[in-house]
Structures are given as C-alpha cells and as structure tokens.
Amino acid sequence: MDTKKETRRAWAKNRADMESNPRRKTLTNKRFWKKLSWFGLLSKVFELGIRLSPFYQRGKLNASNPVVNRVDFMFDSLPPAFEGYTILHMTDLHLDLIPQIVHKICEQIEFIKADLCVMTGDYSSLTGGNGYQHILVPMKQVVSAVHQRDGMVATLGNHDSYKMVSPFEEMGIKVLINETIDILRGNSKISITGLDDPHYYYTPEAVKALAASDHGFKIALVHTPALYDEAQNNGYDLYLTGHTHGGQICLPGGIPLIVHLDRGRKYYRGKWKYQGMTGYTGQGVGAVGIPLRYNTQSEITLFTLHAREAAIR
Ligand SMILES: [Fe+2]
C-alpha cells in the first residue's frame, strides 16, 4: 500500500467534508460562517460608499500594481552551502478578483532568477470549494513566468479547494499538504514543510507535520501566522506566510482595520521575530472582497538567505 497516497486520499475526503460544511468550527472554536458573512457584508457596504469618490480609482490602482520587495535574512543555522539562496514568495494572489493582476505579476517576475519559488495560498477569491477552474489558466501564466532552479512549492489557503491540488501538480507545482521536502546542496540540506490552511481548515495533522520534520535548517510555509508558536517549538528557523494582505484597507500609517487573524495578530505584516524564529508575512499579491487597497502595498517578495558562518569567513 502506498502510504503517501492513502494519507492524501484521507486528507482530501476530510477537506471536502469541511469545504461543504459552513457550520463547522475553526481553529479557535469560532463558527466558520460567522467570519465569512460579516466580512462580506462590511466589504460591500464600504465599496458602495466609496465607489463614486476619487478615492475609488486610487484604491484600485493600489491593488492592481504589485511591487517586488527584496528582503535579506541572516541566520546562524543556515548551512554555508546555502549562502545567498534566493526564494521568490507570492501569497494571496486572488487571481480572479482583478483580471489584469496576472499580467502585472508576470511583468514583475519574468526577469527574476530565484533558487526556489514558494506560494502560501489563496489563489482564488471564492470559498468553500465554490469553484477553482477559473484560476487555472491565469495560474499557468504565472507558472510560466517564474524562473527557478529547485522548483515551485505551494500550500493551500482558506479560499482554496482540495480540488486544486491535482491541476497544480500537473503544472509542475509541488503542493505540500502537511508534508516536508528537502533541498540539497552537496551534503547540506534545508527542509521545507508546508501545511494545509489553519484558518478555515485546521486539523491536528498540521501540527504533527511540524513535529515530524527532521533537524537542520527548517522553513515552514503556512497560509496564516497562526501556528507561529508551534513552528518555533519545533525548531523552525523561518516561517513564511500571508493571508492578512497587511490589512488591505488601512488607515494612514498602515494601521489595519481588520487582519483576519485569531492567533498571531501582531505578525500581520512584514518581518517579525518570535523567540529566535524569523517570520515574514507577505502583504499579498492580489486583493480580496473588494479590488481596493489603502495604505498597504500589493507585494511579491524576493528573499535572500545569508549564513553568518559564511559571512565570518
Ligand atoms: Fe487567506
């Protein structure tokens, strides 16, 4: 019996049940449908209120033009063989809300050469398995614009369906569902563990996957920052995440009104540290709910990892 196939099959069955049950409870024991309905209603009221004002077009432009942010990280634990390793990170692409976003993404990434590309969920804007086929063509366009050496790795977000896994893998994207892969350079390795979304679809298998990863330099890919403490407890060095869009609609100074986090709320944007573990919460490539952004920036991130040991030599 192929254990991995069996585990995937059991996960897909459970995910399908959760996607079709809006009355289920989430990680922090809240009702799923309550989260969904309040946000949808507030977004629409806000959009209607602002539609005729000059701020509307400005918000649309903000949301439709992702920039590439370059971020350097220094680690004591990074094997010197990985000095200068680059990771292209895209999160919350929401390829269906702003039709032109796919072209903007391709324009921004087609000249970037990265070692690895990682994506941390929310490719669609729909929820509860309500459709995914419409994002497959734009997703293929994104995949063909990425230049990487060690592959493309993805996790699912709360807007994504279990049905996306097969078509994504056919495109050459390795989808990690509570699984770990290793990347090798000679005798050195880094490990990448990717979890299913903990925001709407948390299961104990996510934490078990964090615990199962071997020692060494470890990177967690999780749709939300919610499992920051579990990752740190299990010796992770870097936690890459998204989901919050940096607040998407923020007051001047980038002060968010809503971050959609029940755990890890202070890690809603950018670089952060939790007891020695480094984290980064991307502001999202696209937008959700309404195609607008204020006082936040749509973002694609290019990380460069540095080994302190290599710098000392
Ligand atoms: Fe999300």
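Predicted model: local features only at pLDDT ≥ 70, side-chain atom pairs only at ≥ 80, totals over all residues.
**Notebook: core and sheet**

Started with burial: 42% of the 313 residues of the protein chain count as buried.

Next I looked up the secondary structure, and the protein chain has 9 helices and 16 strands. I then checked the overall size: the radius of gyration is 19 Å, close to the 20 Å from the globule rule for 313 residues, so the chain is as compact as a globular protein of that length. Along the principal axes, the C-alpha atoms fill a box of roughly 60 × 45 × 35 Å.

Counting contacts with a separation of 6 or more, 73% join residues 24 or more positions apart.

Then the core. Which residues touch the most other members of the largest nonpolar core? I got Leu221 and Tyr239, out of 74 residues in that core. I followed Tyr239 and left out residues up to four places away in sequence; Tyr239 then touches Ala220, Val222, Tyr228, Ala231, Met277 and Gly279.

I found 6 strands forming an open sheet with mixed pairing, in the order 1-16-2-4-6-7. Strand 1 (67–75) and strand 7 (173–175) are the edge strands, each pairing on one side only. From one strand to the next, the twist averages 25°.

Parallel or antiparallel for strand 4 and strand 6? Strand 4 (residues 116–119) and strand 6 (residues 152–154) pair in the parallel sense, over 3 bridges. In that pairing I noted Cys117 opposite Met152 of strand 6.

Notes:
Residues numbered from 1 in each chain as written. Core = buried A, V, L, I, M, F, W, Y, C linked by C-beta atoms within 7 Å. Buried ≥ 20, exposed ≤ 12 C-beta atoms within 10 Å, placed from the backbone. Contact = placed C-beta atoms within 7 Å. Helix = DSSP H or I, 4+ residues; strand = E, 2+ residues; numbered from the N terminus. Rg over C-alpha atoms; globule rule 2.2 N^0.38 Å. Pairing = 2+ DSSP bridges. Axes fitted to C-alpha atoms, helices over the stretch in contact; angles between N-to-C directions.
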